[in-house]
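The sequence and the structure come next.

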Amino acid sequence: MKSVFSLSRLLAAVALTVTAFSAQAACLDNVVLVHGNMAYPSSWNSTVSTLKSRGYVDSQLYRPSWGSKTNAGSNSHDSTNTGVVKSALQSALAASCTGKIDVIGHSMGVTLAMKAINELGYSAKVNSFIGVAGAQHGLNSCGVYPYNVWSATCGSAGLSINSPLIKSVRNKRYGTKMYSIKSWMDELVCIGSCLVYGSHTSNIDMQNASYDYALGHLGLQAYTSSKQADLIMN
């Protein structure tokens, strides 16, 4: 009876050791996930679930929370919102076992992440940058600066075409590899038209590749998590 009890304790100890070992994070780039206008960090739940199924742990995934959650028009790429994202990028890089990070943005989070990377001078520190349903070229629905829709989101620090913000994020690198995920039926980005000066506004200048899906604006974030994971792990 005693030997059976001892064997049970041994097996339990082995199981705990295996569990503890498996819980340790593999050495992967830390990932910063920047949500869109008026969204929450939880909007990345699908991506987080997918990444965790591929070996990531919570401590490797950074989800900054920025901006008003009740007034979309009041949010811009101002220093407060950019500062929140910059802090997440700095924390992710400081804790990275690889010396690099990956960044995925959705909607306005794409250009906000771009601005933060520019200000930190982090382009060489980012392995993969993925823009999901972003607007690097601006939004037709915001108009053309300075004759833009009167809101912070569309103003000089916002997404009107040719705004100072848009000009500041064009034609720059945001990582070793850059990808866009977009849709031609995006009900937010494509108001008026998806095209800005002949290019889909979700395209990223100098991108390595772009992937089109027949999904809406929020669906692009939620239902492309496997592609997002593929791109940062390839």
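At what angle do helix α2 and helix α7 pack, and how far apart are their axes? Helix α2 (residues 45-53) packs against helix α7 (residues 225-233) at an angle of about 50°, and their axes are 9 Å apart. This is a predicted model, in which local features need pLDDT of at least 70, side-chain atom pairs count only at pLDDT 80 or more, and totals for chains, interfaces and linings use all residues. Residues are numbered from 1 along each chain as its sequence is written, and side-chain values use heavy atoms, with hydrogens and water left out.

**Overall content**

The chain has 7 helices and 11 strands; these are DSSP runs numbered from the N terminus, helices being H or I of at least four residues and strands E of at least two. Of the 234 residues in the chain, 47% are buried. Buried means under 20% relative accessible area, exposed over 50%, and partly exposed in between, with a 1.4 Å probe and protein chains only. Among contacts (heavy atoms within 4.5 Å) between residues at least 6 apart in sequence, 74% join residues at least 24 apart.

**Helix packing**

Axes are lines fitted to C-alpha atoms, for helices over the stretch in contact, and angles run from 0 to 180 degrees between N-to-C directions. The two helix pairs compare as follows.

| Pair | Angle | Axis separation |
|---|---|---|
| α2 and α7 | about 50° | 9 Å |
| α3 and α4 | about 65° | 9 Å |

Helix α3 is therefore roughly perpendicular to α4, while α2 and α7 are oblique to each other. Angles under 35 degrees count as roughly parallel, over 145 as roughly antiparallel, 65 to 115 as roughly perpendicular and the rest as oblique.

In the α2 contact, Ser 46, Thr 47, Thr 50 and Leu 51 meet Ser 225, Ser 226, Gln 228, Ala 229 and Ile 232 of α7. By class, the contact of α2 with α7 has 3 nonpolar, 6 polar and no charged residues. Ala, Val, Leu, Ile, Met, Phe, Trp, Tyr, Cys and Pro count as nonpolar, Asp, Glu, Lys and Arg as charged, and the others, Gly among them, as polar.

On the α3 side of its contact with α4 are Asn 81, Thr 82, Val 85, Lys 86, Leu 89 and Gln 90; the residues they meet in α4 include Leu 112, Ala 116 and Leu 120. The contact of α3 with α4 divides into 7 nonpolar, 3 polar and 3 charged residues.

Ala 88 also belongs to helix α3 (residues 79-94). At 10% relative accessibility, Ala 88 is buried. Leaving aside residues up to four places away in sequence, Ala 88 touches Val 32, Tyr 62 and Pro 64. The C-alpha atoms of Ala 88 and Tyr 62 are separated by 6.4 Å, although the two residues are 26 apart along the chain.

**Aromatic pairs**

The structure holds 2 aromatic pairs. Rings of Phe, Tyr and Trp (its six-membered ring) pair if their centres lie within 6.5 Å; planes under 30 degrees apart count as stacked, over 60 as edge-to-face and the rest as tilted.

Phe 129 and Tyr 174 form a tilted pair, 5.6 Å centre to centre with 40° between the planes. Phe 129 lies in strand β4 (residues 126-132) and Tyr 174 in the loop between α5 (164-169) and β8 (177-182), so the pair ties together parts 45 residues apart in sequence. Phe 129 is buried at 0% relative accessibility, and Tyr 174 is buried with a relative accessible area of 0%.

Tyr 179 and Tyr 211 also form a tilted pair, 6.5 Å centre to centre with 40° between the planes. Tyr 179 is in strand β8 and Tyr 211 in strand β11 (residues 209-212), 32 residues apart. Tyr 179 is buried at 6%, whereas Tyr 211 is partly exposed at 25% relative accessible area.
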